[in-house]
Amino acid sequence: MPEVTYLEALRQGLQEEMRRDERVFILGEDVGTYGGAFKVTEGFVEEFGAGRIIDTPIAEAAIVGAAAGAAHMGLRPVAEMQFIDFISCAYDMLTNYVATARYRAGLPTPMVVRGPCGGYVRGGPFHSQNPEAAFLHTPGLKIVCPATARDAKGLIKAAIRDDDPVLYFEHKYLYRRIKENLPEGEEIVTPIGKARLAREGKDLSIITWSAMVWKALEAAEKMEKEDGVSVEVLDLRTLLPMDDEAILATVKKTNKVMIAHEDTRTGGVAGEITARINESAFEWLDGPIFRVTAADVPLPYAPTLEDYVLPQTDDILKVARKLAAY
Amino acid sequence: MARIDVIMPQMGESIAEGTLSKWLKKVGDAVKRDEMIFEISTDKVDAEIPAPSAGILAEIKVPEGKTVPVQTVVAVIETEASVGASPAAPRATVPAASAGSSAVASSASSPAKAAAAPAPAAAPSAPVSASPRAPQTLTPAAATLRPAPTGNGTETADDRLRRLSTPLVRKIAAEHNVEIAGIPGSGHAGRVTKKDILGFIESGAPSSPAPPVSPASPVSRSAAWPEGAPSASNPAWEASPWEGDRVEPMSRIRQLTAEHMVFSRRTSAHVTSYYEVDISAIQKLREKNKKLYEERGAKLTYLGFIVKAVADNLRKHPIVNAAVQGTSIIYRGQINIGIAVALDWGLIVPVIKKADELSLLGVVKTMHDLADRARAKKLKPDEVQQGTFTITNPGVFGSYIGAPIINQPQVAILGVGAIEKRPRVVTMEDGTEAIVPRMMTMLSMTYDHRVVDGADADRFFGDVKKMLESFPAAAV
């Protein structure tokens, strides 16, 4: 089994879907000849031609709008945001147009908008964002955030096959740091809307996704070794629609829950998860639901400040210990 | 300035929590080191607690009347740097009872240990006293010693945590019919966690309809209280206040006594024997030696003779100086005689340790010292523990005699009736009989028929009577 990176897995997913279904095409800034800012689509233009790998102007609203039109006409576009931060430029298209198309006009919009999110790479405020909370509030969209190479591949394939618009947030910190053995020839499709138990535990649960999964796992290891506390880590993978069943299962199992996300705190997804647990599993809680998140500030450039603002393993550990002792 | 935490001290190994009965200082008051700043009342004793450091009482975190786990921070003292307190040492352990610094040594004992401790020695049945001058105002007013929470905003977040359980714990409690307040908590600020409540239920705590007993003495219940708690929940017998009635919550000591007495009745097979004892000889000895004892700072009471007679005869009758543990009998190596003392606010049973090794002088001195300190709330925790036999003296109030309830886990208790002159038939030296006035008293002994048979009890009782009626003058 060849070892592949998170980025390579995503690339394989795109490639396999393009080979499987000729309605699938990619459009975005520098995705063609340049092969993408992170080389996700390197070599694609050679294999699939400029008709299916389309370089666009620097105009995110236009990219998403064009993709939506193509989707309505029966194609399956994958629109790349060079950095997911700039998805805000297409906010109007996504929320007003794409998300509502099925409701307004009965038009399925099978399209994917994907792009690199997240910090820990000294990217500063324009190249480090996690915009999931901005779209979680929009009915009609789906949001996926893979943490593993397997899911990077499995979720892009599922997103492309889905008949609704899917936002696919890939974490750039994981691109080349996560390596996994993925069997060649195995069809990996990760179902959208299903969380993954990244680590089994019995004393407390950390609900998280994307790069924070790895930090949560690190903290869990430490807790097990140093405190003898057994920590469960639930990787949500899909934020919309949220896997309530998996969340409730872990709440009922450990009775102590914390949520870790890289995005800023106020109005973050953790608040929504907390509310759901509160509504459906209040009687199962043996402690308050704690959050570990970034501080409520634009992400600084300075390495020391970025480290301070973004949630680190030690931050998770600290809160986990507090929760365990509660 | 340094801030020193004042904590609820652990007043003995088996004590998990204490009630802050009274603040002797207000916020803003200057306090000297070792100056008494608050009063507490625990399962075992009441005591005044001294300041761990000099400074200003900056914050009161636990209001009067509140029961908190040991080690809870109850107040903060701000010290001046010049006092020499290190700012890096925020948590100073308060010396335990004002009188009992020896209790400090055990204050570090683990909570687990505390949970395994046996039922606390509470008090026997009737309002009795070791001294004829004991105040006997056992009115409900005693409850005022434990004022209701004032709601003056001094409750801290930690208090709330302890008081408020999480939804899960409440759910489990409801499913198993257990009282959360009666479970020792290991969580933050002593909160009862899921683990605590599940462990409690697993340990075989009273699971069937939990009696609405007090939060008092939770540990003892889990450790020693058997299954099948009494059903106090029959609505037909439940009291409810009528118009014009006054309702006051029971004081802690009252709750403990109530719980202990009912438990004892349920546990032991109570049988009571009564003996009439002629103590005219003792009366003479007492009159003769009273002065002598006074000169040595002791008060020679009838009760002193009785304690001495009991102590001297228990060694010969070990079954009366015993305890029951499951299907075993523990024969106590020591003879430690508890004396019930009536206080304004309830009953307490200080223990004369190794009473058989004391002379009559030693017995009366120890007994009166303990009684005095009980009234002054200066008893050390170990002075109310490890009794092996108890004596209660309702006679001081004029009672002819009563049938006391055994002080668990002991197997016998002696009651003393009123001492007065009564007519008695006496054989004169010339062989004729006459009715003469004699100094008489009634003694009663309740014993646990599970292990003490009537013959055992009466043999012991007979020996005590014999010694009292012909008390050796040399022993006075």
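A:S210 counts as buried because 27 C-beta neighbours lie inside 10 Å of it, and 20 or more are enough for that label. This residue of the predicted model sits in the loop between β10 (204-208) and α8 (212-227) of chain A. A:S210 has a positive phi of about 55 degrees although it is not a glycine.

**Other backbone details in loops**

- B:Q386 is another residue that is not a glycine and yet has a positive phi, here of about 65 degrees.
- The loop between α9 and β16 of chain B is where B:Q386 is found.
- B:Q386 counts as partly exposed, because it has 13 C-beta neighbours inside 10 Å.
- A cis peptide bond, with omega about 0 degrees, links A:L240 to A:P241.
- A:P241 belongs to the loop between β12 (238-240) and α9 (244-254) of chain A.
- In chain B, the peptide bond from B:Q408 to B:P409 is cis, and its omega is near 5 degrees.
- Look for B:P409 in the loop between β16 (389-392) and β17 (412-416) of chain B.

**Chain A as a whole**

- Twelve helices and 14 strands are found in chain A.
- Of the 326 residues in chain A, 55% are buried.
- Take the contacts in chain A between residues at least 6 apart in sequence: 79% of them join residues at least 24 apart.

- How many residues of strand β2 (residues 24-28) of chain A are buried? Five of its five residues are, so to picture this strand, think of it as mostly covered.
- A:V24, A:I26 and A:G28 point one way from β2(A), while A:F25 and A:L27 point the other way, and all are buried.
- β2(A) and strand β4 (residues 76-80) of chain A run parallel and are joined by five bridges.
- Within that pairing, A:I26 has A:V78 of β4(A) as its bridge partner.
- Strand β3 (residues 53-55) of chain A also runs parallel to β2(A), and three bridges join them.
- Here A:L27 stands opposite A:I54 in β3(A).

**Helices of chain A**

- Helix α3 (residues 60-72) and helix α4 (residues 91-98) of chain A have axes that come within 8 Å and cross at roughly 30 degrees.
- Angles under 35 degrees count as roughly parallel, and α3(A) and α4(A) are therefore roughly parallel to each other.
- On the α3(A) side the contact is made by A:A61, A:V64, A:G65 and A:A68, and on the α4(A) side by A:D92, A:M93, A:L94, A:Y97 and A:V98.
- Sorted by class, this contact of α3(A) with α4(A) has seven nonpolar residues, one polar and one charged.
- Helix α12 (residues 313-325) of chain A has 13 residues and should span 18 Å at 1.5 Å a residue; its end C-alpha atoms are 18 Å apart, which agrees.
- The buried residues in α12(A) are A:I316, A:L317, A:V319, A:A320, A:L323 and A:A324.
- What do the buried residues of α12(A) pack against? Their neighbours are β10, α8, β11 (231-235), β13 (257-264) and β14 (290-294) of chain A.

**A sheet in chain B**

- Four strands of chain B form an open sheet in the order β5-β4-β2-β7, with antiparallel pairing.
- The edge strands are β5 (46-50) and β7 (66-69) of chain B, each of which pairs on one side only.
- From one strand to the next, the twist averages 40 degrees.
- Strand β2 (residues 17-23) and strand β4 (residues 36-42) of chain B pair in the antiparallel sense over five bridges.
- B:L20 has B:I40 in β4(B) as its bridge partner.

**B:D356 and its surroundings**

- B:D356 lies in the loop between β15 (351-352) and α9 (360-375) of chain B.
- Is B:D356 buried or partly exposed? With 18 C-beta neighbours inside 10 Å, B:D356 counts as partly exposed.
- Not counting residues up to four places away in sequence, B:D356 touches B:A311, B:D312, B:L314, B:R315 and B:I335.
- B:D356 and B:A309 are 47 residues apart along the chain, and their C-alpha atoms are separated by 9.0 Å.

**Where the chains meet**

- Nine residues of chain A are in contact with ten residues of chain B.
- On the chain A side, the residues that touch chain B divide into five nonpolar, two polar and two charged.

Conventions
Residues are numbered from 1 along each chain as its sequence is written. Chains are lettered from A and ligands numbered from 1 in the order in which they are written. This is a predicted model: local features need pLDDT of at least 70, side-chain atom pairs count only at pLDDT 80 or more; totals for chains, interfaces and linings use all residues. Axes are lines fitted to C-alpha atoms, for helices over the stretch in contact, and angles run from 0 to 180 degrees between N-to-C directions. Helices (H or I, at least four residues) and strands (E, at least two) are DSSP runs, numbered from the N terminus. Angles under 35 degrees count as roughly parallel, over 145 as roughly antiparallel, 65 to 115 as roughly perpendicular and the rest as oblique. Two residues are in contact if their C-beta atoms, placed from the backbone, lie within 7 Å. Ala, Val, Leu, Ile, Met, Phe, Trp, Tyr, Cys and Pro count as nonpolar, Asp, Glu, Lys and Arg as charged, and the others, Gly among them, as polar. A residue is buried if 20 or more other C-beta atoms lie within 10 Å of its own, exposed if 12 or fewer, and partly exposed in between; C-beta atoms are placed from the backbone. Two strands pair if DSSP finds at least two bridges between them. The expected span of a helix is 1.5 Å times one less than its number of residues.
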